[in-house]
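Please work through each task before reading its solution.

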Amino acid sequence: MTETLAVRLEALVDSAFANCPESPSIAVAVSCNRLGLDWRAGARRGEPLTAAGADVPFRIASITKPFVATAVHLLAAEGRLRLSQPVAELLRPETSAVLAGGAHDPTAIRVAHLLSHTSGLPDHTTTPSYRAAATATPERRWERIEQVALAASESQPLGVPGEVYSYSDTGYVLLGEIIEQATGETLAAAVRR
C-alpha cells in the first residue's frame, strides 16, 4: 500500500510542478504513521523529482509574516519596543531617509500600522522594476534597503497611516529590520529565539 501511495504522490507532485512554471523549485513531505508512510521529494526546475531533492531550498514567502508578527509582539511584551512607536525611532537612519525621500513619513508610521498593513506603504513586489528584475533573475537575493527604496520611490503613499488597508510585503521587510535593531541579532536568529 505504501509503495503505491508513494508512486501516486510522486505523479501528483510531478504534475503540480509541471503546471506551475513560475515556481523555481518544489519540496514536499508527507507523513502518516497509520499507513507507514514517510515520503519526501523535491526538485529544482529542470531536474528530476528525487528524495534527495527534498532538501532543496524554496521560497516560503508570506508564511513568514506570522513569525515576524509574533516576534514583534514578544519584543513589545518585553518592553523593547511599543506597537504605538513611530518606526523612525526603530529603523536605521538610512532606511528612514529612504522612506522620507519617497514621501512616506516614518515619524507618522507606527509599528502597529506595519503589522496591520495600514502604513500607507505600497508593496514593493508590485512595482514594475521589481517584477522585471525578479522575473529576469529569480535567484537574486534582494537587500532590504533595495526593496524599501523600490516601494518608496515608485509609488506615492496609499493613504494616511492607519486609514487605508493595503497588503504590503514592504511593511514586513521593515518589521524585519526593526526586530534586528531591537535585538542586535539577525532576523533569523531573533525569530528562532
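For the classes used below, Ala, Val, Leu, Ile, Met, Phe, Trp, Tyr, Cys and Pro count as nonpolar, Asp, Glu, Lys and Arg as charged, and the others, Gly among them, as polar. The model is predicted, with local features needing pLDDT of at least 70 and side-chain atom pairs pLDDT 80 or more, while totals for linings use all residues. Residues are numbered from 1 along each chain, and side-chain values use heavy atoms.

**Exercise 1.** Determine which residues line the second largest pocket, and of what class they are.

*Solution.* A pocket is an open set of points on a 1 Å grid, where a 1.4 Å probe fits, with protein on both sides within 12 Å along at least five of seven lines; lining residues have an atom within 4 Å of a point.
1. The lining consists of F67, T70, A71, L74, L75, E78, I179, T183, A190, V191 and R193.
2. By class, 7 are nonpolar, 2 polar and 2 charged.
3. Helix α2 supplies the largest share, 5 residues.

**Exercise 2.** Identify the aromatic pair and classify its geometry.

*Solution.* Rings of Phe, Tyr and Trp (its six-membered ring) pair if their centres lie within 6.5 Å; planes under 30 degrees apart are stacked, over 60 edge-to-face, the rest tilted.
1. The count is 1 aromatic pair.
2. Y130 and W142 form this pair, 4.7 Å centre to centre with 40° between the planes, hence tilted.
3. Y130 belongs to helix α5 and W142 to the loop between α5 and α6, so the pair ties together parts 12 residues apart in sequence.

Technical notes: Helices (H or I, at least four residues) and strands (E, at least two) are DSSP runs, numbered from the N terminus.
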